[in-house]
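Dear colleague,

I am passing on the structure we spoke about, and I would be glad if you could read the notes below alongside it.

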Amino acid sequence: MFNPDILNQLHNLLGDEGLRTDAASLQTYGRDWTKIYEPAPSAIALPHSTGQVQAIVQLANQAGFKIVPSGGRTGLSGGAVAAQGELVVSLERMNKIIEFNAQDRSITCEAGVITAQIQQYAAEQNLFYPVDFASAGSSQIGGNIATNAGGIKVIRYGLTRQQVLGLELVTGKAELLKLNHGLVKNATGYDLRHLFIGSEGTLGIITQATLQLIRAPENLTVLVLGVPEFAALMQVLTRFQASLDLSAFEFFSDRALHYVVHDKGLPKPFDTPTPYYALLEFENDSAGREQAALQAFQDCLEQGIILDGVMSQHQTQAKALWRLREMISETISVYTPYKNDLSVRVSQVAEFLQAVDQIVAERYAAFEVIWYGHIGDGNLHLNILKPAHMEKAEFFEHCTAVNEQVFALTKSLNGSISAEHGVGLLKRDYLPYSRSPEEIAYMRALKALFDPNQILNPGKLLN
Ligand code: S2G
Ligand code: ZN
């Protein structure tokens, strides 16, 4: 715990509204959506300005305490967990939208702005912020940038990284960096912005960002298709991409559908029971587009790579179909899932799925496996549900034993052991499955450069 002198200095800097040490706050701000680490921060700082963030980092360097930067804490790898007496620095009070520029089609906001607030603000300007995922209602843009959040529209618009035009942050040495200033083009040396995007709060604390907004798509239309086997999923993707620019290509298994229908009462997309489901979205902005989708649907039926399907006729139905996919994570979270978040190149997905499914069938014979994910960009979420009778520790021990095999297979295909959820604490020790010794050495060198006293998010990403 902190000595009274440090708490006094923090209190003098932040005041009553900017510093909390009550048990409830320590619990709430010390955890993220992983459920396996016991939060144990010393205190929670809630600065309301970049200057205050700098002062906190300066004090940490002088007094030797550690910091865990904290956004919406929706992470799934323990990246925002404070379990070692750290000071949590929550950006939630830095939640102002600072500027919208219609000409630049950009928005500048503080790190604590909620993702859904940015999506809403963009829509009010008849523009679109294209990064979306199930937790957008509680995640903050600073955390999205720190983890390079992906989600359901990556196939068309890319990840958070592609949206960041400018970044303001405080390094582990308390320096203020203002990067790229919202420019589209800037060929003046290393683009430091991209070092901090995805750095999980280990190199600096993001305080402000300038994001690009794009033309709002018209009449987004959703298809849910029943698919007979894994290999058919990628054939369906290839056929639809031949004639449409898809803004989403997701998949989920019949077991995933069972849970959202059974536990959440969502309606089935159609009656035919099929082992897998593909969810596609495209901008239905002309009769030609609709015709192309119907023709692709017909061709896939004739080839036997889909067995049934439905296409939304209006936005309400499109949203209802999306809920079948978006509600999976929340629905199964009550079954204490062991989560894997893997990716390979799209061309290797069919082979990868087949091989992982074989490992899973052998090693998880007694467990229920839930498949879903953003298969159109090669990202698969493999979730194993804990049997009701089994202790959590025993279950996780069994699952981590299977990891070695799954990660070795992923490595053999040059895939990623963490496609979008980040490394945090959960995947830290598996980093060598996806990064070479040379890369990890350079990552450590960058950590030493920007955070020489190792105060920022200690133990995350790098051990
Ligand atoms: C998704 C959400 C987190 C999870 O639904 O795409 O990224 O894996 C996930 O449950
Ligand atoms: Zn996902």
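To begin with one residue, glutamate 404 counts as partly exposed at 38% relative accessibility (buried means under 20% relative accessible area, exposed over 50%, and partly exposed in between, with a 1.4 Å probe and protein chains only). Glutamate 404 is found in helix H14, where helices (H or I, at least four residues) and strands (E, at least two) are DSSP runs numbered from the N terminus. Leaving aside neighbours within four places in sequence, glutamate 404 is in contact with Tyr430 and Tyr433, contact meaning heavy atoms within 4.5 Å.

Please bear in mind that this is a predicted model, in which local features need pLDDT of at least 70 and side-chain atom pairs count only at pLDDT 80 or more, while totals for chains, interfaces and linings use all residues. Residues are numbered from 1 along each chain as its sequence is written, chains are lettered from A and ligands numbered from 1 in the order in which they are written, and side-chain values use heavy atoms, with hydrogens and water left out.

Turning to the metal site, the zinc ion (ligand 2) is coordinated by His374 (NE2), His381 (NE2) and Glu420 (OE), at 1.9 to 2.1 Å; donors are N, O and S atoms within 2.8 Å of the metal (3.2 Å for Na, K and Ca), and sites may look incomplete because water is not among the atoms. The spacing of these donor residues in sequence is H-x6-H-x38-E. Since histidine 374 lies in strand E17 (residues 368–374) and glutamate 420 in the loop between helix H14 (392–412) and helix H15 (437–450), the pair ties together parts that are 46 residues apart in sequence. Histidine 374 is buried, with a relative accessible area of 4%, and glutamate 420 also counts as buried, at 14% relative accessibility.

Threonine 207, in strand E10 (residues 204–212), counts as buried at 1% relative accessibility. Its contacts, leaving aside neighbours within four places in sequence, include Thr50, Met94, Glu110 and Glu168.

Finally, there is a helix pair to look at. Ile6, Gln9, Leu10, Leu13 and Leu14 in H1 meet Gln52, Ala55, Ile56, Leu59 and Ala63 in H3. By class, this contact of H1 with H3 has 8 nonpolar, 2 polar and no charged residues (Ala, Val, Leu, Ile, Met, Phe, Trp, Tyr, Cys and Pro count as nonpolar, Asp, Glu, Lys and Arg as charged, and the others, Gly among them, as polar).
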